[in-house]
Amino acid sequence: MTDIPLLSLAIWVPIFGGLLVLATGSDRNAPLARMLAFAVAVAGFVVTIPLYLGFDTTTSAMQFVEIASWVPRFNINYHLGVDGLSVLFVILNAFITITVVLAGWKVIEDKVAQYMAAFLIMSGLMNGIFSALDGVLFYVFFEASLIPMYLIIGVWGGPNRVYAAIKFFLYTLLGSLLMLVVLLYLFMQSGGSFSILDWHQLPLPIEPQILIFLAFLIAFGVKVPMWPVHTWLPDAHVEAPTGGSVVLAAIALKLGAYGFLRFSLPIVPDAAHELSWLVIALSLIAVVYIGFVALVQADMKKLVAYSSISHMGFVTLGFFIFNPLGIEGAIVQMISHGFVSAAMFLCIGVLYDRVHSRQIADYGGVVHTMPKFAAFFMLFAMANSGLPATSGFVGEFMVVLGAVQYNFWIGFIAATTLILGAAYSLWMYKRVVFGKVANKHVAELEDINAREFAFLGILAACVLAMGLYPYPFTEVMHASVNELLRHVAVSKL
Amino acid sequence: MNFVVPDFYPAAAEIFVAVMALVIMLASTFARSIARTLAYYATQFTLIAAAFVTIYTMQGEPVYTFSNLFISDLMGSFLKLMIYFSTAIALLYGRAYLADRKIDKPEYYLLALLMTLGMMVMVTANHMLPMYIGLEMMSLALYTMVAFDRDSARSTEAAMKYFVLGALASGLLLYGMSMIYGATGSLEFSAIAQAVYNQAANQTVLMFGLVFLVAGICFKLGVVPFHMWVPDVYQGAPTAVTLMISTAPKLAAFAMAVRLLIWALFDIAEEWQGMLMLVAVASIVLGNLAAIAQQNIKRMLAYSGISHMGFMLLGLLSGVVDGDRHFALNAYSSAMFYAVSYVIMSLASFGMLILLSRAGFDAENIDDFKGLNKRSPWFALMMLFVMFSMAGIPFFIGFFAKLSVLQAVVAAGYFWLAVVAVLMSVAGAFYYLRVVKVMYFDAPDDEAPIHAPAEVRVMLSANGIAIAALGLAPQMLMSLCAYALLGSL
């Protein structure tokens with residue numbers, strides 16, 4: 001099993017499959033493009049299953065490692081590997097890609113091949129980010145993934161899509177270019193190595209550590225996104241097509257958080273301790289302030305976008321309280337948010353496809369015409385607000401526990417999310433689903449079809465499974481999280 | 001008088017091109033009826049054959065001839081090959097464009113060949129005089145080519161501007177050369193280097209000379225504050241000629257910088273590095289910011305070219321830090337890699353403009369790219385490659401060009417320079433994104449199908465794919481650059 005380059009397959013199957021889909025050309029071949037895209041997405045998911053089954057949970061070392069020289073002149077290697085921190089994201093990503101392909105099945109009628117290809121290529125590139133162990137390789141995937149997302153938002157997005165697409169691109173580019181300078185500095189300091197694992201062992205004085213930490217903070221903070229550099233996200237979400245929102249929320253936001261785990265904490269641990277107050281403060285602002293912002297949104301997609309920022313604030317909080325509960329809780333929260341936010345955006349997509357409005361005010365009484373849909377939406381809204389027995393609860397609870405261990409008041413402020421989350425999720429749900437049938441559009445609604453039932457059903461199963469029995473998820477990350485914390489506790493000065 | 005017959009062998013390629021230029025001139029006079037076709041194919045044949053001659057006569061060790069006026073070394077040979085290559089592609093792209101405008105006269109190809117010869121002399125000069133002669137030969141041919149569409153007032157104006165400013169720059173360069181001669185007593189590069197090393201030169205005069213030399217080089221590269229001609233000439237010249245100006249001459253100017261600054265004046269590297277630093281920062285800032293405001297894509301690419309040349313200079317100025325020459329090879333080869341990458345990207349970008357042009361219509365506004373994805377998804381994808389590559393996004397060659405230059409800058413310890421460069425790259429990304437935006441997000445204004453000769457389509461596709469392929473596997477070109485410089489330093 002170890003002979004098969006599983007990670008390379010996880011990266012390149014969707015990319016080459018995407019190119020193949022692109023080659024089907026014009027919209028006359030749209031059915032073929034759809035079928036092919038679905039087949040590629042499933043194949044891309046199937047190759048990631050052995051990653052979980054063959055994963056050794058007793059070690060924190062990198063597994064499924066592949067290494068080959070890429071650009072020997074700068075000692076850049078094609079170096080892949082996953083540990084407990086990253087393996088779940090590869091699988092999650094491959095899984096979400098399937099739902100995205102299904103979600104765009106009927107709705108996208110214009111340039112179908114390009115749409116499907118963009119998502120598949122994007123999926124492969126993001127797998128590359130999660131499994132890259134070489135700084136430049138990471139950077140290359142990180143930047144390259146901007147291109148398909150830019151096109152997805154810009155070509156198939158809403159009325160203000162051009163603004164949103166360019167804003168998304170430039171914000172992320174700014175952060176990542178600063179990271180490039182840091183990567184080059186580390187390359188020089190480590191005597192000519194781009195290996196992330198070598199950098200983990202590299203001693204650094206405190207001043208450069210602080211600067212490196214700040215550069216990483218900008219790079220990954222934009223991507224997470226953290227307050228106050230979050231403003232691109234609501235724009236991008238509102239304008240993106242449903243599939244784009246799903247990929248953004250479920251996977252792309254995790255890239256920044258993953259960057260903290262792979263780069264900031266292990267490479268500059270002293271600066272991370274020194275500046276943890278800053279990250280914690282920004283995270284709490286995100287949790288509380290953005291929670292209130294979400295409460296007043298009139299647009300459903302914007303509401304879920306702000307709720308994503310608030311949830312991601314929880315994740316960064318979990319990382320910087322330096323205890324196992326915090327970090328594991330944060331990772332669980334990331335996975336759970338992957339399912340829940342994807343499901344929320346898909347639900348909104350289901351409504352939007354029928355009524356072509358995302359305004360909460362245009363709905364009311366949906367439960368009368370779409371009972372099955374209302375049940376699913378209920379579950380996901382509950383999960384979004386962190387109800388016990390759903391996946392949303394597990395991560396938040398762990399992070400709150402960890403935060404209370406660290407400092408009672410930080411834990412206290414963080415816990416307000418349970419109230420705020422319930423307030424904005426359920427209030428929106430109430431206004432959209434309950435009450436009298438608001439207008440004739442709602443009266444004419446048809447309930448979800450088999451395709452929609454399929455992807456919502458699978459996500460609902462995931463949300464419940466993770467909420468009831470999170471052990472298979474936390475088991476995978478234990479060893480790696482403990483090793484990370486042990487590593488971070490040792491000063492590199 | 002004792003006359004020694006010089007060794008002609010190392011200069012075989014130059015002699016061949018010169019002879020062929022004369023043959024084509026005569027042949028096209030006598031065979032008027034087929035002159036255009038003949039001149040075109042004969043020129044392409046000459047460029048290809050010259051490549052073989054260059055490869056055949058290439059030697060690992062530098063060889064001097066003509067009383068040390070001429071040097072044949074690996075860097076020169078490599079750059080000459082790139083010059084043939086880009087000139088040949090530029091001619092191929094431009095042929096139908098010129099024919100549509102009825103300016104595909106045999107003289108055009110003759111001038112292109114003479115321009116090539118001038119550049120060859122520049123890259124192989126080991127002495128101020130052949131350097132100057134080569135430069136003038138190239139420039140005069142270019143001035144004429146800019147004015148080739150003689151009924152167009154705009155072209156004539158651009159040519160006039162180019163000529164007057166170019167003549168001024170030549171004057172500055174010549175003045176600098178004379179001062180260097182006054183300070184060191186020699187015009188030959190190795191003798192100048194020796195004199196500077198022995199501190200036999202008068203420092204004041206030497207510095208004055210250096211300033212003028214740098215000014216001359218900067219003019220030819222088209223960097224701030226000697227960039228005024230660039231946007232006007234790029235816009236005014238026929239696109240086929242803009243394509244010429246923006247490609248091979250940049251390589252020749254790079255060779256000139258290497259020969260004059262690194263060969264002759266390496267011992268005062270920290271002096272000229274300081275000057276280049278100002279120039280590079282100004283170019284990157286101004287080039288990127290001014291490009292944002294352009295509606296005309298030729299002007300936009302002109303400003304983008306200014307910023308790219310500024311980026312290339314970052315490599316040249318990172319060679320020596322506090323007297324430590326350890327990084328020199330790495331830095332200079334990254335600059336060379338950048339220059340070569342830029343030429344490949346520039347060929348494709350202006351090639352796309354030619355592709356979209358047709359008889360009576362010049363594609364030159366950004367809006368002319370509107371909805372290209374509808375009209376031709378394939379060429380929209382190629383232009384997307386070019387734009388993202390120029391913006392320095394992976395997986396394209398432009399990313400590795402930026403990476404290698406920034407690596408040199410960081411290795412030299414100029415962090416603030418690297419930060420300025422990357423911040424300006426973000427500004428730069430905006431206008432490249434705008435081109436992608438009009439291609440993909442907007443509906444076409446112009447539904448006319450794209451018609452271009454098959455060879456242009458094939459070559460442009462190969463050009464676009466090369467940008468992506470070299471971005472996936474940059475090692476070979478990078479090593480070639482390093483290897484070529486290694487033999488020459």
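**Figure 1. Helix α2 of chain A in the predicted model.** This close-up of a predicted model shows helix α2 of chain A, which covers residues 30–46.

**Figure 2. The buried residues of α2(A) and the helices against which they pack.** Which residues of α2(A) are buried? They are A:Ala33, A:Arg34, A:Leu36, A:Ala37, A:Val40, A:Ala41, A:Gly44 and A:Phe45. The partners of these buried residues are three elements of chain A: α1 (6–23), α4 (87–103) and α5 (112–131).

**Figure 3. An annotated region of chain A.** Residues 134–417 of chain A are listed by UniProt, in an unreviewed entry, as "domain: NADH:quinone oxidoreductase/Mrp antiporter transmembrane". Over residues 134–417 the chain is 81% helix and 0% strand. The end C-alpha atoms of this stretch of chain A are 37 Å apart.

**Figure 4. The side of chain B that touches chain A.** In this view, 25 residues of chain B are in contact with 27 residues of chain A. Three helices of chain B, namely α17 (397–411), α18 (415–440) and α20 (475–486), each supply at least two residues of this side. Which helix contributes the largest share? That helix is α18(B), with 11 residues. By class, the side of chain B that touches chain A consists of 20 nonpolar, four polar and one charged residues.

**Figure 5. The overall fold of chain B.** Chain B contains 20 helices and two strands. Its C-alpha trace spans about 70 × 60 × 40 Å along the principal axes. A compact globule of 489 residues would have a radius of gyration near 23 Å; chain B has 22 Å, which agrees. Of the 489 residues of chain B, 59% count as buried. Among the contacts in chain B with a separation of 6 or more, 79% are accounted for by residues 24 or more positions apart.

**Figure 6. Confidence in the prediction.** Where pLDDT is low, predicted coordinates should not be read in detail. Chain B averages a pLDDT of 89, and 99% of the residues score at least 70. The model as a whole scores ipTM 0.88 and pTM 0.91.

Key: Residues are numbered from 1 along each chain as its sequence is written. Chains are lettered from A and ligands numbered from 1 in the order in which they are written. This is a predicted model: local features need pLDDT of at least 70, side-chain atom pairs count only at pLDDT 80 or more; totals for chains, interfaces and linings use all residues. Two residues are in contact if their C-beta atoms, placed from the backbone, lie within 7 Å. Helices (H or I, at least four residues) and strands (E, at least two) are DSSP runs, numbered from the N terminus. Ala, Val, Leu, Ile, Met, Phe, Trp, Tyr, Cys and Pro count as nonpolar, Asp, Glu, Lys and Arg as charged, and the others, Gly among them, as polar. The expected span of a helix is 1.5 Å times one less than its number of residues. A residue is buried if 20 or more other C-beta atoms lie within 10 Å of its own, exposed if 12 or fewer, and partly exposed in between; C-beta atoms are placed from the backbone. UniProt positions are given in the numbering used here, feature names are shortened, and annotations may be inferred rather than shown by experiment. The radius of gyration is taken over C-alpha atoms; the globule rule is 2.2 Å times the number of residues to the power 0.38. pLDDT is the predictor's confidence in each residue, from 0 to 100.
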